[in-house]
Amino acid sequence: MRENLLADMKPHLLYHKLPQDTSAVTCQTSKSPQFYKWALLITGIVVLLLLILLTQLLLLPLLLVPVDYHNNALLFQTESCSDSCRAVLVESIPQGLSFNSSMPSPAIADVWTNMIVEAKHSLDIASFYWTMTNEDTNTSEPTAQTGEQILQELIKLPKTGVSVRIAVDSSQSFKSQKDLQALKDGGVLVREVNMLKLTKGVLHTKFWVVDKTHLFIGSANMDWRSLTQVKELGLAMYNCSCLAQDLEKIFEMYWFLGQPDAVIPHHWPSNYSTAYNQDTPLSILVNGTSSRIYLSSAPPALCPDGRTQDLQAILSIIEDAEEFVYIAVMNFLPVMEFSHHKRYWSDIDSQLRRIAYERKIKVRLLISCWPHSEPVMFTFLRSLAAINDHKSKLDIEVVNICPQPIY
């Protein structure tokens, strides 16, 4: 019986025996640590590659765009601004013109002269061209003396320790170079921006930034005639560092593009970005009044992150009108006049018609009339003026300053 019991137990004992050949188990056990080592190694390599790619995405724009900052620290805006700015409308009235105004504005020439005197550290000027003397224009006008004096003051400024930089459109190369050469000889830094090559356009900006604190923006060119022979308008702002530093970013953009073989970056580095725009304007005191203000720019390729485009800003201002829109410009043409194939471009024209019709906003246009004015401009202006209808409460008037009436 004992033997039968042992016989019955034998299969169970054999079932629990280890295999005779344990090599398969040994091999499988030895592979596990090696497998995990390879997995960790591959994971580490992938993570490293991702970190390298992320670093390149963040730093590559800065490496490709060697920014030449005049004062790098001043390119970064503060989140708050405690400036109490003073704003002054300034203008040029042609000498000999009797202009009846109950509120005379300071002359642009006087403002420029005062800014030169007040400059302690830096003066940056963005300009279209320079013809500040009679010699530049082959004239002998006594009124050119105003421009010639300002030019001489600018030439002497670097000798007082003030850094002076000028960004000018490269089309200046087709004009007299004597002003710019005299400025260079006096220690002024000058860069010509080939905007035609970069954007198919021109650098038409006119502004001054003084000590990153004061600024001037206006229609006046660096031309003696803009000071004494042409009606010009501008805005001077004093003790307004937040806005001046934002304008300085636009100048730095021109300054960078004035380098040899410069190209417009696909994406401007964050140093050129702005926090102030149509949606989030700068809140600041201007002449003691709480105000909201921002700077726009054009063309779109020269609008880094945050910068509102000029067209968007203009359309927004028109849209915000509650009673009237007054416009004074040299030309008013709803076409792309300087494109290779002229195209109809009605954004502003259509906006004026729409607000006049839909919201009964009063529209007034004061347009210059020059011998070189495009004849088709007057056709478009007649079309706009024809909308004026008292019965329909459509109030649009157009006035041209011309020797002869055009309609």
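Biologist: Hi! Which strands does helix α12 lie across?
Modeller: Helix α12, residues 375-385, lies across β17 and β18. Helices here are DSSP runs of H or I with at least four residues, strands are E runs of at least two, and both are numbered from the N terminus. This is a predicted model, where local features need pLDDT of at least 70 and side-chain atom pairs count only at pLDDT 80 or more, while totals for chains, interfaces and linings use all residues. Residues are numbered from 1 along each chain as its sequence is written, and side-chain values use heavy atoms, with hydrogens and water left out.

Biologist: At what angle does α12 run to β18?
Modeller: About 150°. Axes are lines fitted to C-alpha atoms, for helices over the stretch in contact (heavy atoms within 4.5 Å), and angles run from 0 to 180 degrees between N-to-C directions.

Biologist: What is the strand order in that open sheet?
Modeller: The order is β14-β17-β18, with parallel pairing. Two strands pair if DSSP finds at least two bridges between them. The edge strands, β14 (324-329) and β18 (396-401), each pair on one side only. On average, neighbouring strands in this sheet are turned by 10° against each other, direction ignored.

Biologist: And which helix packs on the sheet, touching β14, β17 and β18?
Modeller: That's α11, residues 347-358, and its direction makes about 150° with that of β17.

Biologist: How many bridges join β14 and β17?
Modeller: Six, in the parallel sense, with β17 covering residues 362-368. As an example, Tyr326 has Arg364 in β17 as its bridge partner.

Biologist: New topic! Where does Ser170 lie?
Modeller: In the loop between β4 (163-169) and α6 (178-185).

Biologist: Is Ser170 buried or exposed, and why?
Modeller: Ser170 counts as buried because its relative accessibility is 16%. Buried means under 20% relative accessible area, exposed over 50%, and partly exposed in between, using a 1.4 Å probe and protein chains only.

Biologist: What is Ser170 in contact with, neighbours within four places in sequence aside?
Modeller: Glu192, Val193, Asn194 and Met195.

Biologist: Last one: how many helices and strands does the chain have?
Modeller: Twelve helices and 18 strands. Of its 407 residues, 39% are buried.
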